Amino acid sequence: MGIEFFFLILAVFVVAFGIGVVLLNRRKSVGQPAPGRPTPPPARPPVAQSEGDTLVAEPEVDSEVDSAVEEEPPAGTLRERLAKARSTFAGAIAGVLGRSAITDESFDDLEEALLRADVGVAIADELLSGLRVKVANKEITEPSDLLDALQAEMTKRLVGSDRSLNFEPFEPGNPNVWMFVGVNGVGKTTTIGKLAKQQVDSGRSVLLAAGDTFRAAAAEQLAAWAERSDVDIVRGADGADPSSVIFDGVEKAAANKVELVMADTAGRLHTKSNLMDELGKVRRVAEKGAGTVTETLLVIDATTGQNGLTQAREFGEVTNVTGVVLTKLDGSAKGGIVFAIETELAIPVKLVGIGETIGDLIDFDPEEFVSALFER
Amino acid sequence: MFDNLSNRLEGIITKVRGKGRLTESDVDEVMKEIRTALLEADVNLTVVRSICNRIREHALGATRSKALDPGQQVVKAVNDELTRALGGETLTITYASKPPTVVLMAGLQGSGKTTNSAKLAAWFKAQGRNPMMIGADLQRPAAVEQLRTLGRQIDVPVFSDPQDPILTATKGLEEAKRLGRDVVIVDTAGRLSIDTEMMEQVRLISGAVNPDYTFLVIDAMTGQDAVQTAEAFHNTLKIDGVIMSKMDGDARGGAALSVKEVIGRPIAFASTGEKLDEFEQFHPDRMASRILGMGDMLTLIEQAEKAFTEDQAEAAATKLMEGQFTLDDFLEQMQALKKMGSLGGLMSMMPGMPKELKNAKIDDNDLKPIEAIITSMTIEERTFPAIIQGTRRARIAAGSGTTVADVNRLVKQFGEMQKMMKKMGMAGKPGKSKKGKGAKGGKGAKGGQKMPKGLPLGFDPAASGFEIPGLPGTPGMPGMPGMPGMPR
């Protein structure tokens, strides 16, 4: 891309803004200040006990937390849990089975179900056009066989990938680093909290690195989880360089012969190139010391629509994503975007979140995932 | 946003343009494209269907009519329908006659309730109100701490009681009355719409504070589920408006349109960035014109207003018009510009941008060499680029880590830009008399809001007649149609 492009763009912008701002400011009554925007919010030490400007004593983080999580989860399989909200496919299934033969309407029903599950137009077309051919060739004649064929086809798209979390048995002092990335609010911190507990329970030594130095109280949130699993946490001041926080975490883990560092990062939209660059740097710096990044997990919210594919692509470009964690799958959303992510980007879904308790983060089982959609 | 849609619509225009007559199968083909485009933008399937049906009616009408250009009519039908679906008034807040005005925030986990509570509080503050926030999210670890930290940043008090969310809400409201705060924002825990227990809890909180406004916070990246969620919350709480969060991403698409269509409540606010002041009232008409590829100048200008100071902008604009714009000024403007967000994002708001520019992947990093080159120049060189010859060129190239050719090109382009600006300045002359023109400019700016509707669909940018010379592959530069206050 030539330099002239930017000139052109900038020229237009500068003109537009210059003129626009001037005119707009004139229009506004005098005295409406348009101050230059200050750089990010003042970094404050995240210490909780400043009561001067709050009205009530600081609540103990733990007391809030424990009440919410104390009761152990009713252990349920993905399928059972998802069956709670299975209305998406139920209508289509009833529609297809309700006809004595396979008609165009049968395909319409299935397409609707797929689209409503956020599978996306392209994948839905692919799935159904294959079936249309089979129906035309009389390979499939019964409505129930059509459902089975679609289920098989969908499952086929997901199986085959290695979905285990990669952990290398390095020499003591050389920790594995698992990084967690994703857009804002998908559940990175919560995922780390749950996974840390599970890893500790399975006998690994874990350290958490609070690399989200941007969102207010993100480190506190992670600290609450650290306490719950009784693991070390390394954190920096609010607004600190996340690379250095994670680097420090790795160093500390190496010194204490901790096997696994789980590194949180601030949520960021994949469109913000400066923040994406920062993430690339975090990824590089995490390996500057004794640690090796053996997993980079992209956390995606199951409610995410077609944008999920773009997210996976962009995060994959800067951090070499090795797996997806699909969260909030216990809601009414179906998370169908994973078909596009697995098909187009070949990034396997490794974990799914199906509830708020620690046990609610489970391995992704493609067959269960698909069959839950088809629950009759 | 809706880039796909705009592009596809353009494709449709080219396909049907010039056809004397549309057949029904033409319409079917067009409808398929529209449907796919809407679905890819995450518009809810039900909404897609109703929109498509209405468009189809119009379009079929067009095939029967003997109108001159049926293709244009189809496109017009699409435009009208989208504007209608998204349309409506901007929500105006009516403050309670007996303060405080209570606002309840609800939504799924991670939709951005806490952040947007603080943003909303900051917004109320900017309206001259005295807000207070209540942290009733006792579920997520450190959620209240997050709210407190944000509260400190915007200097708004936060109340919370660790025992119970409903008690927190009631006591918080009492506290607000005692302190004479006139707006109270209640942040609640994220909850799934199918979690009956948690939905009951938020209903009780709502009952306890009796909110004047209940806002549902929805992530702009949400897919088909947005509607289900909105309906469930609406059934439990009676939603008054929606806050769309994360509108600064590239997806923010169909959820907005769908929710409005299904629960019939407007999108009240949109969160457009990570900083607490990146939050604005949602203007459906602006969004509609953005979808239609007509840009969103007003929002752009409001953002510019925040990034540039008035004096700075005025000085720059004057210099620009008079052709005295130096590379130093350029650098300064460029840096201010960066504060407004990514170039790509800004680009999407510019009206009338040709496709070549819109589709160009603009990476903010590509600006770095330009910056490096300029900063490697002496002040004198920045002021009079003409003096940059042989050895200076080599020095600048070495200093900035670029090549002599790069430096050359920049200087040459800058010269051309200057010429162009000067020409425009002559043509435009937006008010030499500084204060005197204020009123007139104001009127124009106001008119700009409605302008997109008035624009002819087949609007030909080149015809508005200002061109950038020396630009390979770009068919002239568009005018800036929606440009408020630009004398025409």
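In this predicted model, strand S1 of chain B spans residues 101-107, and because seven of its seven residues are buried, the strand is largely enclosed by the rest of the structure. A residue is called buried if 20 or more other C-beta atoms lie within 10 Å of its own, exposed if 12 or fewer do, and partly exposed in between, with C-beta atoms placed from the backbone. Helices (H or I, at least four residues) and strands (E, at least two) are DSSP runs, numbered from the N terminus.

In a regular strand, side chains alternate between the two faces of the sheet. In S1(B), B:Thr101, B:Val103, B:Met105 and B:Gly107 point one way, B:Val102, B:Leu104 and B:Ala106 point the other way, and all are buried. S1(B) runs parallel to strand S4 of chain B (residues 183-188), to which five bridges join it; two strands pair if DSSP finds at least two bridges between them. Within this pairing, B:Leu104 is opposite B:Val186. Five bridges also connect S1(B) with strand S5 of chain B (residues 213-219), again in parallel, and here B:Met105 faces B:Phe215.

Chain B comprises 488 residues, of which 52% are buried, and it contains 21 helices and eight strands. Two residues are in contact if their C-beta atoms, placed from the backbone, lie within 7 Å. Of the contacts in chain B with a separation of 6 or more, 74% involve residues 24 or more positions apart.

Chain A has 376 residues, 54% of them buried, with 14 helices and eight strands. Its domain assignment, which comes from an automatic or database source, gives domain 1 (78-158) and domain 2 (176-321). The centres of these two domains of chain A, taken over C-alpha atoms, are separated by 38 Å.

Helix H11 (residues 273-285) and helix H12 (residues 307-319) of chain A pack at about 45 degrees, with their axes 8 Å apart. Axes are lines fitted to C-alpha atoms, for helices over the stretch in contact, and angles between N-to-C directions run from 0 to 180 degrees. Angles under 35 degrees count as roughly parallel, over 145 as roughly antiparallel, 65 to 115 as roughly perpendicular and the rest as oblique; H11(A) and H12(A) are therefore oblique to each other. A:Met276, A:Leu279, A:Gly280 and A:Arg283 of H11(A) make the contact with A:Glu314, A:Val318 and A:Thr319 of H12(A).

Residues are numbered from 1 along each chain as its sequence is written, and chains are lettered from A and ligands numbered from 1 in the order in which they are written. As the model is predicted, local features need pLDDT of at least 70 and side-chain atom pairs count only at pLDDT 80 or more, while totals for chains, interfaces and linings use all residues.
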